[in-house]
Amino acid sequence: MLQEKAKVLFNKKVGHSYFRIGLTCHNDYAKAKPGQFIMVRLSDQKTSILPRPFSIHRLIVANGRMRGIELLFKVVGGCTEKLSKCRRGDSLDILGPLGRGFIIPDKYQRIFIVSGGIGVAPLFFLTSSLRTKRADLSTCELFIGGRSKHDILCIDDFSKLDITISTATDDGSLGRKCLVTDLLETGIKENRPDLICACGPVAMLGAVARIAKRYAVPCQVSIETMMACGIGACLGCAVKGLDKYLHACMDGPVFDATVLKI
Ligand SMILES: Cc1cc2nc3c(=O)[nH]c(=O)nc-3n(C[C@H](O)[C@H](O)[C@H](O)COP(=O)(O)OP(=O)(O)OC[C@H]3O[C@@H](n4cnc5c(N)ncnc54)[C@H](O)[C@@H]3O)c2cc1C
Ligand code: FES
């Protein structure tokens, strides 16, 4: 875990309220795991004194060398609004990589990846690192859902990884007009996966966990909670486990779905 001043490499609007920001970082981020996150603090203390958590969306590598990390974020409040205004060369305080990421044993070949809204951010890193390790993702499938076509991100990037993609939107503006979990269940009935990996709103993760249990498929979910410190000091990120509270920043944010009450 490293605390450092990062420089903004780029900041691009990629949809109605979504941005991709590239940040310089220490070379050690080359060892970051999909699902891990960083805490970002803006230098403008008026916006917020608390840092904010963001998943690592991808590693920026050029000529075999780590150049930085990319975040994909949605503007929802003061910090993300301010982040969207950052320009190349601006400085941010970052702390990371933090938390536990997805753990994918080699024995799991058929993997279903389920994304809801901005939950796609860590799942692109997961899918691209699977592609790097396995070369062939023909046994894996991506189920991606959002409110409308404006909330379905990274389709072109995923297509380049040669993974089968199914989309669902609440308003039917892209893909099937249904919940992404409906697509997941149909996919499981057709060809049961070895593992499900999911990230999205808590209600969606709860539905994914119940489906996984019903079909006895191992499942890992990445949970988004409020986080004030990211390092186990504030107890603000507590999530209900089966018999005790767990800390999303240290015990997660990726959990085996069976240990959570969601
Ligand atoms: C491990 C982790 C990884 C994350 N990765 C990403 C990412 O890759 N991209 C991204 O866009 N966002 C991500 N988030 C969510 C992001 O941290 C919040 O959107 C951000 O903190 C909002 O800050 P703000 O000041 O703009 O909004 P605020 O003013 O703090 O909040 C605006 C609204 O969003 C809600 N909110 C804020 N934070 C969260 C949260 N963590 N979970 C649920 N609701 C929240 C608030 O209740 C409020 O309604 C992640 C959160 C966690 C815990
Ligand atoms: S965010 Fe402070 S303990 Fe988890």
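The buried residues of helix α5 pack against β8 (111–116), α4 (180–190), β12 (195–199) and β13 (219–222). Here "buried" means that 20 or more other C-beta atoms, placed from the backbone, lie within 10 Å of a residue's own. Helices (H or I, at least four residues) and strands (E, at least two) are DSSP runs, numbered from the N terminus.

Before going further, please note that this is a predicted model, in which local features need pLDDT of at least 70 and side-chain atom pairs count only at pLDDT 80 or more, while totals for chains, interfaces and linings use all residues. Residues are numbered from 1 along each chain as its sequence is written, and chains are lettered from A and ligands numbered from 1 in the order in which they are written.

**Helix α5**
- The residues of α5 that count as buried are M204, L205, A207, V208, A209, I211 and A212.
- Helix α5 covers residues 202–214, and at 1.5 Å a residue its 13 residues should span 18 Å, which agrees with the 18 Å between its end C-alpha atoms. The expected span is 1.5 Å times one less than the number of residues.

**Helix α2**
- In helix α2 (residues 120–134), the 15 residues should span 21 Å at 1.5 Å a residue, and the end C-alpha atoms are 20 Å apart, which agrees.
- Buried residues in α2 include V120, A121, P122, L123 and F124.
- A135 follows α2 and has a positive phi, near 65 degrees.

**Two domains**
- The chain is divided into domain 1 (2–97) and domain 2 (111–259), with bounds that come from an automatic or database domain assignment.
- Between the C-alpha centres of the two domains there are 21 Å.
- At the interface, 18 residues of domain 1 are in contact with 16 residues of domain 2; two residues are in contact if their C-beta atoms, placed from the backbone, lie within 7 Å.
- On the side of domain 1 that touches domain 2, β3 (37–42), β4 and β6 are the elements that give two or more residues.
- That side of domain 1 has 11 nonpolar, 5 polar and 2 charged residues. Ala, Val, Leu, Ile, Met, Phe, Trp, Tyr, Cys and Pro count as nonpolar, Asp, Glu, Lys and Arg as charged, and the others, Gly among them, as polar.

**Around ligand 1**
- Ligand 1 is surrounded by 22 residues, of which F73, G77, C79, T80 and A121 are the closest; a residue is near a molecule if its C-beta atom, placed from the backbone, lies within 6 Å of it.
- Two or more residues of this shell come from each of β4 (52–55), β6 (65–74) and α1 (78–84).
- Domain 1 and domain 2 each give at least three residues to the shell.
- The shell divides into 13 nonpolar, 6 polar and 3 charged residues.

**Strands that pair with β6**
- β2 (residues 18–23) and β6 are antiparallel and share 6 bridges, and G22 stands opposite E70. Strands pair if DSSP finds at least two bridges between them.
- β5 (residues 58–62) also runs antiparallel to β6, with 5 bridges, and A62 has R65 as its bridge partner.
- The hairpin of β5 and β6 has 2 residues between the strands, and N63 in the turn has a positive phi of about 50 degrees.

**S222 in β13**
- S222 lies in strand β13 and is buried, with 28 other C-beta atoms within 10 Å.
- Beyond its neighbours within four places in sequence, S222 is in contact with G35, P122, C199, P253 and V254.

Key
Buried ≥ 20, exposed ≤ 12 C-beta atoms within 10 Å, placed from the backbone.
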